[in-house]
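Subject: Structure handover

Hello,

The structure is placed below for you to look through. Notes on what was found in it follow.

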Amino acid sequence: MDFILSVILSRRSMVAPTLPLDKSKFNLDTAGVAGVFGGDEAVSAMATVHIYENRRWLGWYNPPGSYQIAKRYGLLAKSRFFDGFFPGVHTDPTTFFELDVWKGPKFRAVHSGTIIEETSHIAALFMNECAALEGQVVEGRKTQAIGITIAELNHAPAPLMQPRRINAYSPILASIPISVSVGTCVACGVFEDWYSFSMILLGMVANGVSCLVIGSGKFIFTHPDPAKGSPPGDGILGSDREIVLLKGAEGAVNSVTRGRFSLNFSSEPHFKNIGWCSMLLTIQFIAQLLLIPQGTLFGQIMFVASLGVSWIYNSWLSSLDKEKLQRDIVINHVLENPILTKYAFGTRTAVAVFILLVLQPTEPARILNELLPNDTKVWRQWKETILHKLGAKEKLEFCDSDWELDGFGQQERSLLQTLYGDARTAYGGYTQYMASK
């Protein structure tokens, strides 16, 4: 009798705990939206896998939007098999992850004479970084506000390197959706809702494997290796409102003007491993459609809870300014913190003279005519005087005799006086710059 009683008690102890909401007739059917809801955020979050250090190891949570991720990343795989599942225009990973998509402004080298009409994505990032700086205002005449940044590039990166990626709070924050996904999965197992248990687990595995595979690409920075004996690469990079003066060795300067980010995968050129990850995500979506409605209400709530927390985390990742993250990598890890000094001038005339003073070009007349193509009698006289003083290493100080010239009318003399005033403003800015070094 005692033996029979002990067996009954042991069997009762093995029975699963009472299922919460067991008597509820409400059915929370989330399968139809689980693969689509939060898709844009999930795709955008996945794009940070190459920028954040260790991000590829932190994908073990159950995110929404699996079908959207599969459709987008399936376009990277190049084969007839995957084309049938993921039709569309193929692209390369570097362009897909927006690591080399922008064009920078025109660049003029002041010593070698090189002109690059469209510079690289790196140059565009560098220009935006300089545009975001606050400039010291140089007092003088104002017609058009122009920012001019002097970038002293003291480090020439290797022609091929792997930049150190950003190490931020991502591992700490990633532990939240991972913990919630694991917790909800365990809860479903405790209450023996194996449908919900398996779907949460499958979502964690599919997303984790996808992060590992997509994040396996090597994040590379490259730029041309300059020829030995090349002159300094000093030059002018800019547009109408923002100008950057690049100062440094040829290798340092062309890392900005011609450098580029890229991703190298071992599975190139077909990227079949990415295609199989997309297939896994598609299978996950189909399984959710079929199995989540079979789960209990408690299991469905656990499934939604894991999706919700993961969606919040993906939304945080997608809200990050990816351009700013790339700029930080360029400034801090590729160029190793160049010295950036910015001034704000009120006229292009003052800016042109300031450029000549800072860069000391080999052919100042050519650079001055490119910056200021005006070719009237007044402008020719002004340019001649400026170039003479620069060649003689004289201060840009002027008196009445410089504009009270025979053969010039009153309006022309007044314009000359104004232009000399702009040159004096430029010299004042140059004096400030030299004093700060």
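What volume does the largest cavity have? About 40 Å³. This is a predicted model, in which local features need pLDDT of at least 70, side-chain atom pairs count only at pLDDT 80 or more, and totals for chains, interfaces and linings use all residues. Residues are numbered from 1 along each chain as its sequence is written, and side-chain values use heavy atoms, with hydrogens and water left out.

A cavity here is a set of points on a 1 Å grid over the protein atoms alone where a 1.4 Å probe fits but cannot get out, and its lining residues have an atom within 4 Å of a point. The count comes to 1 cavity of 30 Å³ or more. Its lining includes Ala42, Arg55, Tyr61 and Asn314. Helix α3 (residues 39-46) gives the largest share of that lining, 3 residues.

Now to strand β8 (residues 242-248), where 7 of 7 residues are buried (under 20% relative accessible area, 1.4 Å probe, protein chains only). Glu242, Val244, Leu246 and Gly248 point one way, and Ile243, Leu245 and Lys247 the other.

Two strands pair if DSSP finds at least two bridges between them. Strand β4 (residues 146-153) pairs with β8 in the parallel sense over 7 bridges, with Thr149 opposite Val244. Strand β7 (residues 235-238) runs antiparallel to β8, joined by 4 bridges, and Leu237 has Val244 as its bridge partner. A hairpin of 3 residues links β7 to β8.

Lastly, helix α10 (residues 250-257) is largely enclosed by the rest of the structure, because 7 of its 8 residues are buried.

Regards

Notes. 1 Å grid on protein atoms, 1.4 Å probe; cavity = no way out; pocket = protein on both sides within 12 Å on 5 of 7 lines; lining within 4 Å. Points joined across faces, edges and corners; volume = space filled by probe spheres on them. Helix = DSSP H or I, 4+ residues; strand = E, 2+ residues; numbered from the N terminus. Buried < 20%, exposed > 50% of the residue type's maximum accessible area, 1.4 Å probe, protein only.
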